[in-house]
Amino acid sequence: MFNKILIANRGEIALRVVRAAREMGIATVAVHSTADSDAMHVRMADESVCIGPPPSTQSYLSFPAIISACEITGAEAIHPGYGFLSENAEFVQIVEDHDITFIGPTAEHIRVMGDKITAKDTMKKLGVPCVPGSEGGVATLDEARQIGEDIGYPIIIKATAGGGGRGMKVAQNAQEMEKAFMTARAEGKSNFGNDEVYIEKYLTTPRHIEIQVFGDGKGGAVHLGERDCSLQRRHQKVFEEAPGPAISAEERATIGKVCADAVARINYIGAGTIEFLYEKGEFYFIEMNTRLQVEHPVTEAIFGVDLVREQIRVASGMEMSFTQEDLQINGHAIEVRINAEKLPNFSPCPGRITQYHAPGGLGVRMDSALYDGYSIPPYYDSLIGKLIVHGRDRPEALARLHRALGELIVDGVDTTVPLFHALLEEDEVLSGAYNIHWLEHWLETNLNQS
């Protein structure tokens, strides 16, 4: 087991890793920019190292700064959290070259799954169902038009190196193809330095279902059920739950086994998530995230496991602490992402927290790095907390969420809490009868007009 690990991240996820490591008796090193000198993860870690000025490119994304921090402190391993360098294959390779353990998958697995075309081809070969579409990159408008005719409209054009909703454009018909094709390529080039795109059939009323997998790197793997992440705004998740309200036990077992078998065959190590669009009883692979997900706590709640602890154990060479037979679902869990944003436009709202009170009680967990007097810097993502609730069933979890949102106090900045109060009044949310387009339509007719 490691004696000391460095956490190459900030905010609530860095604090989450600190807590897991402390329970395991492992010392932690927090890295931080000058803007995060007073951050909670810096206060809670055993050691801290300032690695640069506020811009991420000069601090949290700086390979030399993070490697140097490891060497200075004697950290044996790096936990990347999510975002930043968590899925950067070049960084992982450099970490490995410096005889430091990366707590996550190999550089090769990140590289393969980071390119959406290669990932789709790989998953097809592993028996994972995929969305109908182009066999690879689409280079010309004429080729795009032919594919549109072959698979039928609507279609979606995606940048191969895309993510976070960028580089994705829908064409409802042949007349919209040219604009969508050119825009997706331009966004791919400007955001990711790669203008290659591919095309898939655009499903009209799908749900976003993701399967949590975990591998030991030696040909063993399990799945930990699914999460429904269909409530999204601009392809960004805001509300996640497990198990999915539309997925049957039989469907869960079938698609879960497909995913676990797939990652076992490639000797995948650590946590990963295989994401699908689900419509009319069919699953269609869209991508694999080779890291811990923001929404991992809902899976932890229903299975009673600590995924961060398991990541650290497996990275150190230990066996997984559970088998597929050990993993039995207990109840229902929901997570809502609390962002420092001003409604209805969701514009970032950095500033000083004048009062903070986390909700508590049975079945309530608040993952946040906030505290009274903390100043939210303007340089990073606006996520400031995740409220997770767990109940014996979905109605109890919804009731706990309603109660916990009423207890939560975040004064000094605007947050997205009012959004969730409003959503809990909607029949579709209460019944679970929503899809990936529902929230966008709801915002257009409700919040954006209020």
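R16 and E300 form a salt bridge whose closest N and O atoms are 2.6 Å apart, a salt bridge being a side-chain nitrogen of Lys or Arg within 4 Å of a carboxyl oxygen of Asp or Glu. This pair links distant parts of the chain, with R16 in helix 1 (residues 11-23) and E300 in helix 10 (residues 296-303), 284 residues apart; helices (H or I, at least four residues) and strands (E, at least two) are DSSP runs numbered from the N terminus. Both R16 and E300 are buried, where buried means under 20% relative accessible area, exposed over 50%, and partly exposed in between (1.4 Å probe, protein chains only).

The model is a predicted one, in which local features need pLDDT of at least 70 and side-chain atom pairs count only at pLDDT 80 or more, while totals for chains, interfaces and linings use all residues. Residues are numbered from 1 along each chain as its sequence is written, and side-chain values use heavy atoms, with hydrogens and water left out.

| Pair | Closest N to O |
|---|---|
| R16 and E300 | 2.6 Å |
| K342 and D414 | 3.6 Å |

Turning to the aromatic side chains, a search of the whole structure finds 11 aromatic pairs, for which rings of Phe, Tyr and Trp (its six-membered ring) must have their centres within 6.5 Å, planes under 30 degrees apart counting as stacked, over 60 as edge-to-face and the rest as tilted. The rings of Y60 and Y380 have centres 5.6 Å apart and planes at 85°, so this pair is edge-to-face. Y60 is buried, with a relative accessible area of 0%, and Y380 also counts as buried, at 13%. Ring pairs join Y60, F84, Y379 and Y380 in a cluster.

Charges also sit over rings, which requires NZ of Lys or CZ of Arg within 6 Å of the ring centre and within 35 degrees of the ring normal. R43 lies over the face of Y371 at 4.4 Å from the ring centre, and the charged end of R207 sits over the ring of Y434, 4.6 Å from its centre.
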